[in-house]
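Here is a short briefing to read alongside your structure. Take a look at the fold first, and then we can walk through it together.

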Amino acid sequence: MTILETKKLGISFGGLRAVDDFSISIQKGQLYGLIGPNGAGKTTVFNLLTGVYKPTDGSITLDGENITGKSTIEISKAGIARTFQNIRLFKNLSVLDNVKLGLHNRVKYNLLTSIFKVGSYSRKEEEMNKIALELLRVFGLENEAQLPASSLPYGMQRKLEIARALATNPKLLLLDEPAAGMNPNETAELMETIKFVRDEFDMTILLIEHDMRLVAGICEEICVLNFGTVLAKGKTSEVLNDPRVITAYLGE
Amino acid sequence: MGAKSEKNKPFPGGIGRFRQKYDNNFLISFGIMIAIFLFCFLMIATGNATRHFKSLLVPAGINIILAISLNLVVGILGELSLGHAGFMSVGAYAGCLFSIYTQELFPIGVRFPLSLLVGGLVAAFFGLVIGVPVLRLKGDYLAIVTLAFGEIIRSVIINLDFTGGAAGLKNIEKHTTYTSVFIIILITLFVILNLINSRHGRAIMAIRDNRIAAESLGVNITYFKLLSFILAAFFAGIAGVLYGHNIGSLTAAQFDYNRSIEILVMVVLGGMGNIKGSIISAILITIIPEMLRGADKYRMLFYSIILIIMMLLNASPRFAEFKRKIRIKNLASALKSKSRQKEEV
C-alpha cells in the first residue's frame, strides 16, 4: 500500500530551481532514505512535504489524500510529522509537556474548559499524561519527564523530538538528519531506535542522512538528490553501487 | 528498550487530580494575594493604616492586573507589546462613559460590574482589530506597531468630543474600592494561571519557544497569538475602568507610552512568564516612587538607581543562588540538618 506519492514535484525561488521533477513512492512500513550532497534540496523536499513551502508544480498524495498546497497545520492533521536538522524542542517546557504538545490535535478540550478547569479537563489531561508517559517510556525518557527539555543531553533531545513527532500519531514520519552530531556509538543506538519505531508503531519513515553506515544499515530504498533533481532511486544496495551516485556524492 | 519492564513505575512526583488542576504556581500566587489582602484588611481594621497607605492600595492592585495581563503577551507568548496603556485607556473610556450614561438606568451594584465588563470587552475588541494585522509581525516590528497604536489611541481620544477631548472625562463616580480591585485580581489570576496550565497555555508557550516546531505539530499560531493578545487587552481594559472609577476623572495624557513602559518594567522585573513575580514587582514599582517623595527633586534619580540595581540583581546568578537558599523548603531542610548536627555533637 502506497503511503506517500509525489509526482513531478518542483519549486522555484525566483530564478532558482531548488527541486525539480521529484517523484517518489513510499510503501507502508518502509524505511526510505533521502541522500545527496549539501544544497541538493533534501530539506527543501521536507519543507514541501510538510507545507512550509508550497510547491510550484507537481502533486503530493498521502495515503490516497491529495495534500498538495495545504498548510502545515492541515498536513500535520492529515498525518505527516517531522523532526528537524537543528533540534527544535520547546526548551523551557518539561519533557512531558513537549510530548503533550504532540497530542495537541489528538486529545482536545475547549477554551472554557481550560479557563474554568471543569468538565473533561482532568480526564483529558490524565489521558494525555498516560499516552505521553507511555511514549517516553518507550524511548527510556520517563524518569526525565518533569525536567525542562533543554536540560537533556543531545542524544536524548533527538529521541524526545522523535517521541514528540510520534505523539501526533502520524502516517508518515520525516527525520531530518537524525544522526547529525552523534558519535558512532550513539548512531548505532539511534539505528536501533529507528528500526524499533518502525516495528513497534508500524510506521513509515522517510529520513535524510549523511551517515552512509546508517543509511545502508536500515534503509530499504533510497533516493539520491543532486542539484534538486533525482539522480538515482531504488534498492539501497543497487543505488549505492551506481557509478553516477559514486561520482556525484559518495566519491571514488 | 529495557525501560519497558518499568511499566508500573509511578509518575515522578505523582500528579493527583487536584495538583494537575492547581499547580504550585497557582497555589502560591493565590496565597500571596490572599496574604496581602488579609494584611491590608487587618491594617485598616485595627486603624493602623494611614491615609497614604490606603490611597496606594487601589493603584497597586490596578498595576498588578496590568502586569499579570501584559505578562501573558510578553512572558508567556514571547511577543513584545508596548501598547498596553492603549488598551487600558480604551477600556477606561468605554467603561467610564458607560457608567456615566447609564447612571439612571441601573443601581450602582449592577452598573459598576457592568461597566467593568463593557470596558474589558471594548478593549478586547480593539485587541482583536489591532491583533489581526499586527500579529503577522515579529519582535521589534511588533513592538513598534503596538507603540504606535498606543499613541494613535491617545491622539484620537484627545480629538473626540464625547471623550471630553484634551480636558478629559470628569465626574466619574468613585466606586473602586480595594475589595473590588482584589476580587478582579483574583479573577485575572484564576483565568490566566488556569490558561497557562492547560492545552491552550502549552500551545502559547510552544509558540514562544519554537514557532516552527509548534506549527509542525499542528498548533494554530494565529489563533493562539490572538487569544493571548485579546485576553491581555481584556484585563487591561478592566484595569482601566477600575482606574477611572478610582481617580474620578480621565485624561488621555495619563495613558502615554511612559505608562506602557512602566507596565513592561514591572513584567521584566518580576521575570518574564513569572506571574508571582509580576505581582510583587507591581507592588514594588507602585510603592517605591511614593516612599521616595521625601527626597523631592532627587526622586526620579533614586527610582532609576533602585530599578537598575534590582534588574542587575535579578539577572545575577549569585543572587539566584541566594534566592534558592532562602526558599522556605530549603531553609527548613538546612535547619533540620543543623539541629541534627547539634544532636550528634
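In what order do the six strands of the open sheet in chain A run? The order is β6-β7-β8-β3-β9-β10, with mixed pairing. Please keep in mind that this is a predicted model, where local features need pLDDT of at least 70, side-chain atom pairs count only at pLDDT 80 or more, and totals for chains, interfaces and linings use all residues. Residues are numbered from 1 along each chain as its sequence is written, while chains are lettered from A and ligands numbered from 1 in the order in which they are written.

**The sheet**
- Strands β6 (80-82) and β10 (229-235) of chain A are the edge strands, each pairing on one side only.
- Pairing requires at least two DSSP bridges between two strands; strands (E, at least two residues) and helices (H or I, at least four) are DSSP runs numbered from the N terminus.
- On average, neighbouring strands of this sheet are turned by 20 degrees against each other, direction ignored.
- Angles are taken between N-to-C directions, from 0 to 180 degrees, using lines fitted to C-alpha atoms, for helices over the stretch in contact.

**A parallel pair**
- Four bridges join β3 (residues 31-35) and β8 (residues 204-208) of chain A in the parallel sense.
- A:L34 has A:I208 in β8(A) as its bridge partner.

**A helix on the sheet**
- Helix α10 (residues 243-250) of chain A packs on the sheet and touches β3, β9 (221-226) and β10 of chain A; contact means C-beta atoms, placed from the backbone, within 7 Å.
- The direction of α10 makes about 125 degrees with that of β10(A).

**Where the chains meet**
- Chain A gives 38 residues to the contact and chain B gives 32 residues.
- The largest share of chain A's side, seven residues, comes from α5(A).

Definitions and conventions. Contact = placed C-beta atoms within 7 Å.
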